[in-house]
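The following questions and answers set values against the cut-offs behind the terms.

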Amino acid sequence: MIRRLGSVQAGSSPVLYQGSAQALCLLDTATELLMVRRDFRAALETCERGLESVAGFPEQEDLCSSFRYGEVKAALCIIGIQALAELNKWRVVLEWVLQYYGAPEKMSAKIMQMCILLYTKVEESSIILESGGDWLKSPANQSLPGFGTVAELYLLHVLIPLGRFTEAESLAGNSAAFSEEQRHLALEIVECKREESRPKSPPGSSQGEDSTNSTDPNPVTQRFQVMVRLLHRSVLVVRKGLYSFPFQKVALVAVLLYLLLLRTDPTLPSAFPWISSLLQMFRQMWDAMFAPYYRANISH
């Protein structure tokens, strides 16, 4: 861009040529300070001197001279914006630019694009909301080559993140900013973001959703509930069986078997009472554990 700006012809506008030499020299110096030496404060001061010299240019009736005048001014502002951002003074960028342009609608498309991107990066899109809207509403800017790019950036990075969906919908339908295909796509994006921003479920609709889910359950959830119920019933049956099992009687039988088989000789007459008691104990255990089922089978 510097080379293109340096191609100012002496015969096109003597006044512009005399001042542009100093402005272009300051632009080269500011670029070197910013990109090579990384001296951001010095680069900012150099841009300000260049902008002051450009501000002394008279308004050009020649379109070519006016274009070159605007390009020199925009280039100095771009370097200045980058220097301010590096100095972490991004909050004053818009104010700093407006002191040289006077009004937002007079800013170049490149400057507006850069401001939108800067405030989007620092998540402060509200700062550029009003100025960006004024720039887009200006009839003079709608014929600029960068009008569509500014409109797209303003739509996606300012209006939609701030929840200005009505304004975004209006801008998306602007034929001066977007083609027919782009308008359809922009409107779809706005509608999609609007749906995403709405609450998922109102506070009073949870009961309605629960009733809907109960009437039309998920098959996987239904199977899981059936398995849980079966497992619960199995646990209850096992616990009931454990409680009803005659542990005391089994322990007594074990003791009797130990005494009869290991401590008592079955051939002795004194062992008969023990054997009789053991048989009686077996009958009681059989009746307690299996008698109901056994008798039920016999009755059939």
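Q: Why are helix 5 and helix 6 of this predicted model called roughly antiparallel?
A: The axes of helix 5 (residues 93-101) and helix 6 (residues 109-121) cross at roughly 165° and come within 11 Å. Angles over 145 degrees count as roughly antiparallel, and the two helices are therefore roughly antiparallel to each other. Their crossing is left-handed.

Q: What makes the residues in the contact of helix 5 with helix 6 nonpolar, polar or charged?
A: Val93, Leu94, Val97 and Tyr101 in helix 5 meet Ile111, Cys115, Leu118 and Tyr119 in helix 6. Val, Leu, Ile, Tyr and Cys are among the types that count as nonpolar. The contact accordingly has 8 nonpolar, no polar and no charged residues.

Q: How do you know that the buried residues of helix 9 line one face of the helix?
A: In helix 9 (residues 165-172), the buried residues are Phe165, Ala168, Leu171 and Ala172. Seen down the axis of helix 9, these residues fall within an arc of 120°, so they line one face. They pack against helix 7 (129-137), helix 8 (147-159) and helix 10 (180-197). The face turned away from the buried side carries the exposed residues Thr166 and Ser170.

Q: Why is Glu123 called exposed?
A: Glu123, in the loop between helix 6 and helix 7, has a relative accessibility of 68%. Exposed means over 50%, so Glu123 counts as exposed.

Methods: Residues are numbered from 1 along each chain as its sequence is written. This is a predicted model: local features need pLDDT of at least 70, side-chain atom pairs count only at pLDDT 80 or more; totals for chains, interfaces and linings use all residues. Side-chain values use heavy atoms; hydrogens and water are left out. Axes are lines fitted to C-alpha atoms, for helices over the stretch in contact, and angles run from 0 to 180 degrees between N-to-C directions. Helices (H or I, at least four residues) and strands (E, at least two) are DSSP runs, numbered from the N terminus. Angles under 35 degrees count as roughly parallel, over 145 as roughly antiparallel, 65 to 115 as roughly perpendicular and the rest as oblique. A crossing is left-handed if the near helix is turned anticlockwise from the far one by less than a right angle, and right-handed if clockwise. Contact means heavy atoms within 4.5 Å. Buried means under 20% relative accessible area, exposed over 50%, partly exposed in between (1.4 Å probe, protein chains only). The arc is that of the directions from the helix axis to the C-beta atoms.
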